[in-house]
Amino acid sequence: MALEERPVGKLDRAVIFLGPPGSGKGTQAKELARQYGVPHLSTGDMLREHVSNGTPLGLKAKPIMERGELVPDSLVLKMVADRIERPDCEHGFVFDGFPRTVAQAKYLGEMLRRQGFKQPFVIHMVIPTSVLMKRLTGRRTCKQGGEIYNIYERPPKVEGICDNDGGELLHRPDDREEVVAPRLNAYEKLTAPLVQYYRRLGSLHDVDANRSVEEVRREIGQLVSAMRGTR
Ligand code: AP5
């Protein structure tokens with residue numbers, strides 16, 4: 001990383017990654033959060049943890065996620081509210097996959113105002129639908145550290161094993177071809193309206209996500225760095 005790109009200090013607000021399944025939200029959100037030393041809050045990861053622990057929330061969410069539909073706002077909002085009240089969020093955080101409906105965005109806006117945060121900074125991952133199927137069906141995620149691979153574009157050195165920590169690489173059940181279409185439909189119907197919502201508020205920044213991971217990372221780094229300290 002060049003010296004002028006190196007981030008200094010903390011984020012001072014929420015950064016939101018908005019984009020369709022497979023657009024690279026998780027890949028980029030993890031990296032940005034790591035650079036700034038703030039939590040990476042993926043509602044998908046939180047829900048999957050509830051599912052694997054068999055909690056009451058997980059039991060409700062499991063069949064919905066397996067169908068590629070959105071989990072009801074009532075379940076997701078409480079989970080997010082509890083998480084951002086923790087002390088590690090006081091200097092900002094990176095949302096990946098939240099908010100996903102206009103109702104969630106309104107609720108988040110209220111929560112952030114109450115906690116004294118500035119307006120969120122929204123990164124909109126712009127990508128043609130035609131590339132998403134290959135990205136999703138080829139994705140593998142480390143069971144231990146969560147590192148994201150792709151068997152076509154970013155394969156691990158040893159098949160099925162994470163390069164970083166040797167963890168097992170998993171294929172998400174909702175990355176099966178037959179579940180991808182309903183997920184894309186849910187995005188178009190319920191989440192895409194957030195693009196207009198945040199654009200009107202002046203918080204949205206379009207990023208061409210159909211480039212290499214490194215090129216996308218560089219542009220996001222520059223946008224976030226220019227945002228810090230602004231209103
Ligand atoms: P969630 O886990 O949030 O999934 P998603 O939004 O569908 O997004 P993905 O994780 O599939 O993709 P991504 O954009 O993060 O891409 P990634 O970086 O991994 O949600 C899952 C489910 O949980 C939902 O369907 C819903 O049921 C429920 N849910 C979650 N949040 C909710 C909410 N707020 N409200 C209600 N329900 C909720 O990359 C994908 C692949 O592409 C990887 O293999 C990666 O290596 C590769 N890749 C990434 N960038 C590039 C690049 N630049 N070039 C080439 N390959 C790339």
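Modeller: The place to start is G24, which sits in the loop between β1 and α1 (25-36); helices (H or I, at least four residues) and strands (E, at least two) are DSSP runs, numbered from the N terminus. The model is a predicted one, in which local features need pLDDT of at least 70 and side-chain atom pairs count only at pLDDT 80 or more, while totals for chains, interfaces and linings use all residues. Residues are numbered from 1 along each chain as its sequence is written, and side-chain values use heavy atoms, with hydrogens and water left out.

G24 is buried, its relative accessible area being 17%, where buried means under 20%, exposed over 50% and partly exposed in between (1.4 Å probe, protein chains only). Once its neighbours within four places in sequence are set aside, G24 is in contact with M125 and R135, contact meaning heavy atoms within 4.5 Å.

Strand β1 (residues 14-18) pairs with strand β4 (residues 121-126) in the parallel sense, over 4 bridges; two strands pair if DSSP finds at least two bridges between them. I16 stands opposite V122 in β4, and F17 stands opposite I123 in β4. Because 5 of the 6 residues of β4 are buried, this strand is largely enclosed by the rest of the structure. Strand β4 also runs parallel to β8, to which 5 bridges join it, and there H124 stands opposite D206.

These strands belong to an open sheet of 5 strands with parallel pairing, in the order β2-β3-β1-β4-β8. The edges are formed by β2 (40-42) and β8 (204-208), each with a single partner strand, so one side of each has no neighbour in the sheet. From one strand to the next the twist averages 20 degrees.

Helix α2 lies across β2 and β3 (93-96), running at about 65 degrees to β2; axes are lines fitted to C-alpha atoms, for helices over the stretch in contact, and angles run from 0 to 180 degrees between N-to-C directions. The axes of α2 and α4 come within 11 Å and cross at roughly 105 degrees. That makes the two helices roughly perpendicular, on a scale where under 35 degrees counts as roughly parallel, over 145 as roughly antiparallel, 65 to 115 as roughly perpendicular and the rest as oblique. In this contact T43, M46, L47 and H50 of α2 meet V76, M79, V80 and R83 of α4.

Helix α3 (residues 56-66) has L57, G58, A61, I64 and M65 buried. They cover an arc of only 130 degrees around the axis, which puts them on the same side of α3, the arc being that of the directions from the helix axis to the C-beta atoms. P56, L59 and K60, on the other side of α3, are exposed. The buried residues of α3 pack against α2 (43-53), α4 (73-84) and α7 (177-191). Just after α3, G68 takes a positive phi of about 80 degrees.
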